[in-house]
Amino acid sequence: MNIKVKLLTTFKKYGEGKISENGTIPLPKGSTLRDVLKYFDIPLDMPKVLLVNKDDQQNLDHEVNDGDEVVVFSFICGG
Amino acid sequence: MQRYIKNMSMLSAEENKLIRTKKIVVVGCGGIGGYIIEFLARLGVGHLTVIDKDVFEESNLNRQLLSEPSVLGKSKVEVAKERIAVVNPDVTAVPVQTKLDRFNGVDILKGHDLVIDALDNRDSRVDLQIVAEEVGIPMIHGAIAGWFGQVSTIFPGDRTLDLIYRYCSEGEEKSLGNPSFTPALIASIQVSEALKVMIGRGELLRKKLLVIDTLVQSYEVIPLH
């Protein structure tokens, strides 16, 4: 199955050369959000905003499905 | 009025008059807030209430527009009031030197048309979202961390911050710091959102988060539920 992934800010570098031109990555059926992060070697304990299909999802055991969209970016709160 | 002649091509005469009647609260007079106050005063918004509990410190000088060596130790809101009077004497400025929270927030925000978030931490922003919803006014959110920044326009009931601030307590600005240019960039976008809310025209960043990375110049609008 294919998962659409957008890595932004500090997380952009983890995606270099790993995301297809149409913005997807291939993962086996039954993969979880943890598998998505592992695919990119993103440290699991690194603070981050994780969105799956426009909603926040911090449960790394959350199962992702074909066509899902995952967005990862920094927690930003300075002023 | 000659002062606003350069506003006239993008705003109608009615819209120019309309913003003169608007009352905005700016919460935070630091990095982002200093620019927001400058932009709103020059735009000709009629009334600005400016909130901040702090005084200027030396570490503010790298980015905070209202700071300069001569005002170190001086209340940020008093400096903001003086700056507004210098930039545009038509604007009524009300300084409130306090920390806005869930308890005093309603009294501070009521009677205003919208509030702009120029805060520097998660908890205060979550409080502001609650209070703005209680008062029933839109909140224009903006935040920065190093090369990065984000903006969203939050109407009562949207609770956008619940999606992006639920799990973390400390942002990347703690490790990256804040330079001189991201506050101005984020403030500019927030003021454009505020103007569109005031005149009821254009497309807002509502239920969307604009995430900016100036290191690679990427501007991504992330749709949110």
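Contact here means heavy atoms within 4.5 Å, and I keep to that meaning in the entries below, all of which concern a predicted model.

**Entry 1: Leu43(B)**

I began with Leu43(B), which I found in helix 2 of chain B. Leaving out residues up to four places away in sequence, I listed Tyr4(B), Asn7(B), Ile19(B), Val191(B) and Leu195(B) as the residues that Leu43(B) touches. Is Leu43(B) buried or exposed? Its relative accessibility is 14%, and because buried means under 20%, Leu43(B) counts as buried. I also looked up a pair that lies 48 residues apart in sequence, Leu43(B) and Val91(B), and noted that 9.8 Å separates their C-alpha atoms in space.

**Entry 2: helix 2 with helix 8 in chain B**

Two packed helices are described by the angle between their axes and the distance between the axes, so I looked up both values here. The axes of helix 2 (residues 31-43) of chain B and helix 8 (residues 181-199) of chain B come within 8 Å of each other, and they cross at roughly 45°. That angle makes helix 2 of chain B oblique to helix 8 of chain B, and the crossing of the two is right-handed. On the side of helix 2 of chain B, the residues that meet helix 8 of chain B include Tyr35(B), Ile36(B), Phe39(B) and Leu43(B), while those from helix 8 of chain B include Ala187(B), Gln190(B), Val191(B) and Leu195(B). When I sorted the residues of this contact by class, I had 12 nonpolar, 3 polar and no charged.

**Entry 3: helix 1 with helix 8 in chain B**

At what angle do the axes of helix 1 (residues 13-20) of chain B and helix 8 of chain B cross? They cross at roughly 105° and come within 10 Å, which means that helix 1 of chain B is roughly perpendicular to helix 8 of chain B. Glu15(B), Leu18(B) and Ile19(B) of helix 1 of chain B make this contact with Leu195(B), Met198(B) and Ile199(B) of helix 8 of chain B. By class, I noted 5 nonpolar, no polar and 1 charged residues in the contact.

The largest nonpolar core has 44 residues, of which Ile24(B), Ile36(B) and Leu40(B) touch the most other members. Among the elements that give two or more residues to this core are strand 1 (23-27), helix 2, helix 3 (76-87) and helix 8 of chain B. Helix 8 of chain B gives the most, with 10 residues. Looking at Ile36(B) and leaving aside its neighbours within four places in sequence, I found contacts with Val26(B), Ile116(B), Ala118(B), Ala187(B), Gln190(B) and Val191(B). A second, separate core has 35 residues, including Phe75(A) and Val25(B).

**Entry 4: Val25(B)**

I placed Val25(B) in strand 1 of chain B, where its relative accessible area of 0% makes it buried. Among the residues it touches, beyond those up to four places away in sequence, are Thr49(B), Ile51(B), His112(B) and Val115(B). Asp113(B) is 88 residues from Val25(B) along the chain, yet their C-alpha atoms are separated by 8.2 Å.

**Entry 5: two positive phi values**

Which residue in the loop between strand 3 (49-52) and strand 4 (55-56) of chain A did I look up? It was Lys54(A), which has a positive phi of about 75° although it is not a glycine, and which counts as partly exposed at 40% relative accessibility.

How values were computed:
Residues numbered from 1 in each chain as written. Chains lettered and ligands numbered in written order. Predicted model: local features only at pLDDT ≥ 70, side-chain atom pairs only at ≥ 80, totals over all residues. Heavy atoms only, no water. Axes fitted to C-alpha atoms, helices over the stretch in contact; angles between N-to-C directions. Helix = DSSP H or I, 4+ residues; strand = E, 2+ residues; numbered from the N terminus. Parallel < 35°, antiparallel > 145°, perpendicular 65-115°, else oblique. Left-handed = near helix turned anticlockwise from the far one by under 90°. Nonpolar A, V, L, I, M, F, W, Y, C, P; charged D, E, K, R; others polar. Core = buried A, V, L, I, M, F, W, Y, C linked by side-chain atoms within 4.5 Å. Buried < 20%, exposed > 50% of the residue type's maximum accessible area, 1.4 Å probe, protein only.
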